[in-house]
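User: I would like to go through this model term by term, setting each value against the definition behind it.
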Amino acid sequence: MPHVTLVSLSGFRVREPEMLALGMTLPGLHDRARAIAALPALAPLTLAAHTPEGWTQSILEAPAADDAAVQRILAEKPALVAISALTASIPRAIALSRSLRAEGVRTALGGLHATACPDGCTPHFDAVVTGDGEPVWPALLADAAAGSLRPLYRPERPFDLAESRPPRWDLLPPRDRPRFTLQTARGCPLACEFCAASRLLGPFREKPAEHVARELDAIRAIAPRPIVELADDNTFAGRRDPAPLLDALAASGARYFTEADWRIGERPDLLHRLADSGCVQVLVGLESLSPRFAGMGAKKARIDRMMDAVAAIHHVGVAVIGCFVVGADGEDEESLAHLADFLLDAPLADVQLTLLTPFPGTRLHRRLADQDRLLPDRGWDSYTLFDVVHRPDPLSPDQLQSAFHNLVKIVFSAQASARRHDLRRSVWARRGVAP
Ligand code: SF4
């Protein structure tokens, strides 16, 4: 029986040396990075659920592309190694593929980067999948078994989430404190300029609530009181009535974390049921205090209105992580000092800071490329969200990088992190959730 090894290289990795050092020393930053790194990647688990009979399969998460990883994969004698990777991990994916192909193993690549840049990927893999993987997966495996892989696989239509199957959690090794990821929707109906996830794989789609319930049942068969991260780009963003989804989540008894538009704080119908559905924490894009930041799209608003929405979400006992993107046009030392002052006092349960990054496939990437503002010496492995990869305006790249480090030091200092930690506990205390 042929074997397929599904490899995820999507893990969170900081490359820039000073940022790496900060991640090791600043507790707030370290905790946030650890929480993200603890999440199992959903792509291989999802594809594995669509593997036809007649194949055996295994999943390998975020290995380095080193000899140990290659030997571990070769020991499985796979007929195919399917790799999912983000832009920053593409050089690792290529290195891994090169080593495996040198040993006669066929490789395939899928994911956001493969979708945005198929031409750059096809020379390095036997097959590249653009868009949703599920519709082409059985045909790709059949071609691999027959030794007739095509260089490019593109689904004829976007995958219908009503045809989704519970991810194959059983293929992962047991964990001490399992966290699970689950998708209730794919993409986002908004289209912020910098966002790679919202439209690249296809249009915005929502998974029927009964399918979500089925996936939650599968998780509960492994962990009776699971912690779940909804791997959505923007939960509750569609026009559907959120009640069936909230019912399914509440019935599961799971505690869950998700990402959503700050405007859920202006939806009393949703808010009053959010905590009861098990929602513990929501990550929202507040993005910038700067009025020149065009990238926010339809969710752009004055910061005081957004903070009112945050207060409403906190009021029902759900903690808010506010995300800010640094380095948009107009960002300068003064605006960054203003942001630091704001974040030191802001009633946010936690903060996420990243640098504006023009991922391939985004409107931002096209605009900056047209303006000749992409830094040619920054390879894909610099697209980490913590490295400057474009020429900002008006700061220089070095000035922005250094100002970003200073901001991170201030915002994730022990004192600032402890203040947010206390705030988080007080929010959760409103609904009796143990921190
Ligand atoms: S709201 Fe979030 S997920 Fe949607 S397009 Fe904007 S950044 Fe992307």
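User: Which residues in H5 are called buried, and what makes them so?

Analyst: This is a predicted model, in which local features need pLDDT of at least 70, side-chain atom pairs count only at pLDDT 80 or more, and totals for chains, interfaces and linings use all residues. Residues are numbered from 1 along each chain as its sequence is written. In H5, the buried residues are Ile90, Arg92, Ala93, Ile94, Leu96, Ser97 and Leu100; a residue is buried if 20 or more other C-beta atoms, placed from the backbone, lie within 10 Å of its own, exposed if 12 or fewer, and partly exposed in between.

User: How do you know what span to expect for H5?

Analyst: The expected span is 1.5 Å times one less than the number of residues. Helix H5 (residues 90-102) has 13 residues, and its reach of 18 Å from first C-alpha to last is close to the 18 Å expected. Helices (H or I, at least four residues) and strands (E, at least two) are DSSP runs, numbered from the N terminus.

User: Which elements do the buried residues of H8 pack against, and what puts those residues on the same side?

Analyst: In helix H8 (residues 137-146), Trp137, Leu140, Leu141 and Ala144 are buried. They cover an arc of only 100 degrees around the axis, the arc being that of the directions from the helix axis to the C-beta atoms, and therefore they lie on the same side of H8. Their packing partners are S1, helix H3 (42-48), S3, S4, strand S5 (127-129) and strand S6 (152-153), where contact requires C-beta atoms, placed from the backbone, within 7 Å.

User: Which residues touch the most other members of the largest nonpolar core?

Analyst: A nonpolar core is a set of buried Ala, Val, Leu, Ile, Met, Phe, Trp, Tyr and Cys residues joined through C-beta atoms within 7 Å. The largest one holds 117 residues, and Ile83, Ala108, Leu109, Leu140 and Val320 touch the most other members. Strand S13 (residues 319-326) gives the most to this core, with six residues.

User: Why are S7 and S14 said to stand at the edges of their sheet?

Analyst: Two strands pair if DSSP finds at least two bridges between them. The open sheet has six strands in the order S7-S10-S11-S12-S13-S14, with parallel pairing. Strand S7 (179-182) and strand S14 (350-355) each have a single partner strand, so one side of each is left without a neighbour in the sheet. S7 and strand S10 (residues 227-230) meet the definition with four bridges in the parallel sense, and leucine 182 has leucine 230 in S10 as its bridge partner.

Definitions and conventions
Two residues are in contact if their C-beta atoms, placed from the backbone, lie within 7 Å.
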